[in-house]
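Keep the viewer open and try each one before reading on.

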Amino acid sequence: MNVLLDNLDLFGPFFLTTIELFALAAVGSLIFGTFLAMLRVSPVPVFRAFGTAYVTIVRNTPLTLVFLFMVFAFPLLKIVKLDYFPAAVVALTVYTSAFICEVVRSGINTVPVGQAEAARALGLTFTQILGQIVLPQALRSVVPPLISTLIALLKNTTIAAGFSVAEAGAIRQYLSERGENQLVGLLWVALGFIILVSVLSVVQRSLEKRWSVAR
């Protein structure tokens, strides 16, 4: 307990950074991942090819390499200069979006084709069919895998510690510099992540219960 109380100046701000990193990357991943899923089911071959290529490449690339590119290689392009934290957000968003895409696409495939055909017969466009009819039903059916992907994202934020982002994954290093018991410190870090994951699990159960009634 002393390790936690004596180092609250580390645990508090660092876990806050982890939450901020997760929240920003989660929002970005949900938006971009859903967009990619729309591309993958698009009737336009070029859009489908782009979505498929993106998912195939990114899902088979280690997250650490994505971080390396965003932190060290991307600045060499001189398009925009990113600090470590924004670069970590972008790296996590780019990586997680590929998995969100496949989750959403699987949900889209669960919606009966007849509904889209009926909407098309009424004169709705592809975008209207997806946004108003297909996606609302698809997202309700994929809550468990969607939350599981976000939980994986939360745990993946610890990789940012290796790229100069002061978040929960970096606490061990700072405890070492202070001569604290690192094993005990890591146990507190693990407990912190267990609490955060438990919150996401509660959100999952709440959404499942609410949307099961809505069906």
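How many salt bridges does a search of the whole structure find? Before you start, note that this is a predicted model, in which local features need pLDDT of at least 70 and side-chain atom pairs count only at pLDDT 80 or more, while totals for chains, interfaces and linings use all residues. Residues are numbered from 1 along each chain as its sequence is written, and side-chain values use heavy atoms, with hydrogens and water left out.

**Exercise 1. Find the salt bridges and describe their setting.**

Step 1. Apply the criterion: a side-chain nitrogen of Lys or Arg within 4 Å of a carboxyl oxygen of Asp or Glu. The search returns 2 salt bridges.

Step 2. Take the pair R40 and E102, whose side chains meet at 2.6 Å, N to O. R40 belongs to helix α2 (residues 8-40) and E102 to helix α5, so this pair ties together parts that are 62 residues apart in sequence. Helices here are DSSP runs (H or I, at least four residues), numbered from the N terminus.

Step 3. Now take E102 and R105, which form a salt bridge at 3.0 Å, N to O. These two are 3 residues apart in helix α5, so about one helical turn separates them.

Step 4. Join the pairs: R40, E102 and R105 are linked in a network of salt bridges.

Step 5. Check accessibility, where buried means under 20% relative accessible area, exposed over 50%, and partly exposed in between (1.4 Å probe, protein chains only). R40 is buried at 18%, E102 is buried at 15%, and R105 is partly exposed at 24%.

**Exercise 2. Which residues have the most contacts inside the largest nonpolar core?**

Step 1. Such a core is a set of buried Ala, Val, Leu, Ile, Met, Phe, Trp, Tyr and Cys residues joined through side-chain atoms within 4.5 Å.

Step 2. The largest one has 62 residues, and F15, F67, I108 and I171 have the most contacts inside it. Helix α5 (residues 84-110) supplies the largest share, 12 residues.

Step 3. Zoom in on I108: leaving aside residues up to four places away in sequence, I108 touches A37, V41, L130, V134, L135 and A138. Contact means heavy atoms within 4.5 Å.

**Exercise 3. Where is S164 found?**

Step 1. S164 sits in the loop between α8 (143-156) and α9 (171-177).

Step 2. Its phi is positive, about 65°, although S164 is not a glycine. Most residues other than glycine have a negative phi.

Step 3. S164 is exposed, with a relative accessible area of 53%.
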